[in-house]
Amino acid sequence: MEKLNLTETEMLALWKRVMHIEPVRRECAVERDDGINLDDFLLIHLRQWYAHLLLTAPIEWLPVEDLKTDVPLSSTDTGVATAMLPTRCVRPVEWRLAGWPHSVTRFLAPDDPAALAQRSEWIRSGVNNPAIIAHDDRLTLYGITPGTAPVLLTARCVATPEDGRYILHHDALSALPRWPL
């Protein structure tokens, strides 16, 4: 099934329908000038909800892009590379360097025992079993032939849409909050 691709205005309207705030009954007229701006209030929550969705929801629900052209890579003589994550990257999904027999889809936390093992040049991952440690703004890639420059083939990430749109699978609507917030 194709993903929804909504502007912020369209997403706000969808939120209002899901929360039973709209459609509004129009049989009478009531005016107030001391209430909150409901749209501004809901937009704050909508943006927070979407940011959380991008961080935690199943990959199939989210916009995933190959951002390899936006990733600066640097390497050391010992077969370790560092990739700075583009600002649009919320979380990495699948990365692969030239020479690796397969992509890496499991990204290690810095305190994971497998990540700590990468500190030793004698037991760290090699080209046939690459490992990637995810830090806040960068990835450390292990499994590069020493003395060679790394070439990034794939850098698929959950990415914030460039134009401020909301791209999500229909199933993600089940995670919408209900009124009241």
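Reader: Which residue of strand 8 does Val-64 stand opposite?

Author: Val-64 faces Val-158 there. Strands here are DSSP runs of E with at least two residues, while helices are runs of H or I with at least four, both numbered from the N terminus. Please keep in mind that this is a predicted model, where local features need pLDDT of at least 70 and side-chain atom pairs count only at pLDDT 80 or more, though totals for chains, interfaces and linings use all residues. Residues are numbered from 1 along each chain as its sequence is written, and side-chain values use heavy atoms, leaving out hydrogens and water.

Reader: What makes strand 2 and strand 8 a pair?

Author: Two strands pair if DSSP finds at least two bridges between them. Strand 2 and strand 8 (residues 152-159) are joined by 3 bridges, so they pair, and they run antiparallel.

Reader: What is the order of the strands in the open sheet?

Author: The 3 strands are ordered 2-8-5, with antiparallel pairing. Strand 2 (64-66) and strand 5 (89-97) are the edge strands, as each pairs on one side only. From one strand to the next, the twist averages 25 degrees.

Reader: Why is Cys-89 called buried?

Author: Buried means under 20% relative accessible area, exposed means over 50%, and partly exposed lies in between (1.4 Å probe, protein chains only). Cys-89 has a relative accessible area of 12%, so Cys-89 counts as buried. Cys-157, at 0%, is buried too.

Reader: How do you know whether the sulfur of Cys-157 is bonded to that of Cys-89?

Author: A disulfide needs two cysteine sulfur atoms within 2.5 Å. The sulfur of Cys-157 is 3.3 Å from that of Cys-89, its closest cysteine sulfur, and therefore too far for a bond. The structure holds 0 disulfides.

Reader: What makes a set of residues a nonpolar core?

Author: Its members are buried Ala, Val, Leu, Ile, Met, Phe, Trp, Tyr and Cys residues joined through side-chain atoms within 4.5 Å. The largest one here has 25 residues, and Met-11 and Trp-49 are among those touching the most other members. Helix 2 (38-56) is one of the elements supplying at least two residues, and helix 2 gives the most, with 7. A second, separate core of 19 residues includes Trp-95 and Cys-157.

Reader: Which residues does Met-11 touch, not counting those up to four places away in sequence?

Author: With contact meaning heavy atoms within 4.5 Å, Met-11 touches Leu-6, Leu-46, Trp-49, Tyr-166, Leu-168 and Leu-176.

Notes
Axes fitted to C-alpha atoms, helices over the stretch in contact; angles between N-to-C directions.
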